[in-house]
Amino acid sequence: MVGLTRADKVLVVLLLLLSVAGIGLNISIAAAGGEQQAEIWVEGTLYKTVPLKEGYKQEIRIGGDSHYDIIEVQDTRIRVREADCPNQDCIKMGWIQHAPQQIVCLPYRIVIKIVSSAPSDTDTIVH
């Protein structure tokens, strides 16, 4: 077996640096991607729009004593913290914070969408 030559080592280091630079550039572009907010839709109607920004916190309860979702907004992310729906899929989805991510609670017809003022590279999402 032949060991790595000096040129091989330089090539490996160069490829690693390019990879890290690409990841950093992708993150910086995503961070500068415009102002984001979350839209909360209930039964097909826009219920509320909340900003997703540092320092912002809010708790939103949708529903009554039964058939409810408690939505938590913390800084640049949002989630369904508590719900009394049978399968709890909306809670299992966890935090979302980038457009076009969304959380759906089918039993109560609640949809939480992240929207951004920056143009998206996604063509369309049908729901």
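**Ground rules.** I am working with a predicted model, where local features need pLDDT of at least 70, side-chain atom pairs count only at pLDDT 80 or more, and totals for chains, interfaces and linings use all residues. Residues are numbered from 1 along each chain as its sequence is written, and side-chain values use heavy atoms, with hydrogens and water left out.

**Entry 1: layout.** I listed the elements. The chain has two helices and seven strands. I took helices (H or I, at least four residues) and strands (E, at least two) as DSSP runs, numbered from the N terminus. Read from the N terminus, the order is α-β-β-β-β-β-α-β-β.

**Entry 2: whole-chain totals.** I looked up burial. Of the 127 residues, 24% count as buried. Buried means under 20% relative accessible area, exposed means over 50%, and partly exposed lies in between (1.4 Å probe, protein chains only). The chain exposes about 8,800 Å². Carbon and sulfur atoms supply 58% of that area. I used accessible areas from the Shrake-Rupley method with a 1.4 Å probe; for residues, only the protein chains shown count as cover. I then turned to contacts (heavy atoms within 4.5 Å). Among those between residues at least 6 apart in sequence, 30% join residues at least 24 apart.

**Entry 3: the core.** I looked for the largest nonpolar core and found 21 residues in it. Such a core is a set of buried Ala, Val, Leu, Ile, Met, Phe, Trp, Tyr and Cys residues joined through side-chain atoms within 4.5 Å. Ile 71, Ile 78, Ile 110 and Ile 112 have the most contacts inside this core. At least two core residues come from each of β1 (36-42), β3 (57-63), β4 (68-74), β5 (77-83), β6 (102-105) and β7 (110-116). In soluble globular proteins, nonpolar side chains tend to be buried together.

Leaving aside neighbours within four places in sequence, its contacts include Ala 38, Ile 40, Ile 71, Ile 78, Val 80, Ile 96 and Ile 103. Glu 39, Gln 101 and Gln 102 also touch Ile 112.

**Entry 4: the three-stranded sheet.** I traced an open sheet in the order β3-β4-β5, with antiparallel pairing. Strands pair if DSSP finds at least two bridges between them. β3 and β5 stand at the edges with a single partner strand each, so one side of each is left without a neighbour in the sheet. Neighbouring strands are turned by 20° against each other on average, direction ignored. I took axes as lines fitted to C-alpha atoms, for helices over the stretch in contact, with angles from 0 to 180 degrees between N-to-C directions. β3 and β4 pair over seven bridges. Glu 59 has Glu 72 as its bridge partner in β4.

**Entry 5: salt bridges.** I found three salt bridges in the structure. Each has a side-chain nitrogen of Lys or Arg within 4 Å of a carboxyl oxygen of Asp or Glu.

- Arg 81 and Glu 59 meet at 2.5 Å, N to O. Arg 81 sits in β5 and Glu 59 in β3, 22 residues apart.
- Arg 79 and Glu 72 have their closest N and O atoms 2.6 Å apart. Arg 79 is partly exposed at 24%, whereas Glu 72 is buried at 17%.
- Glu 82 and Arg 81 have their closest N and O atoms 4.0 Å apart.

Glu 59, Arg 81 and Glu 82 are linked in a network of salt bridges. Arg 81 is partly exposed at 32% relative accessibility. Glu 82 is partly exposed at 32%.
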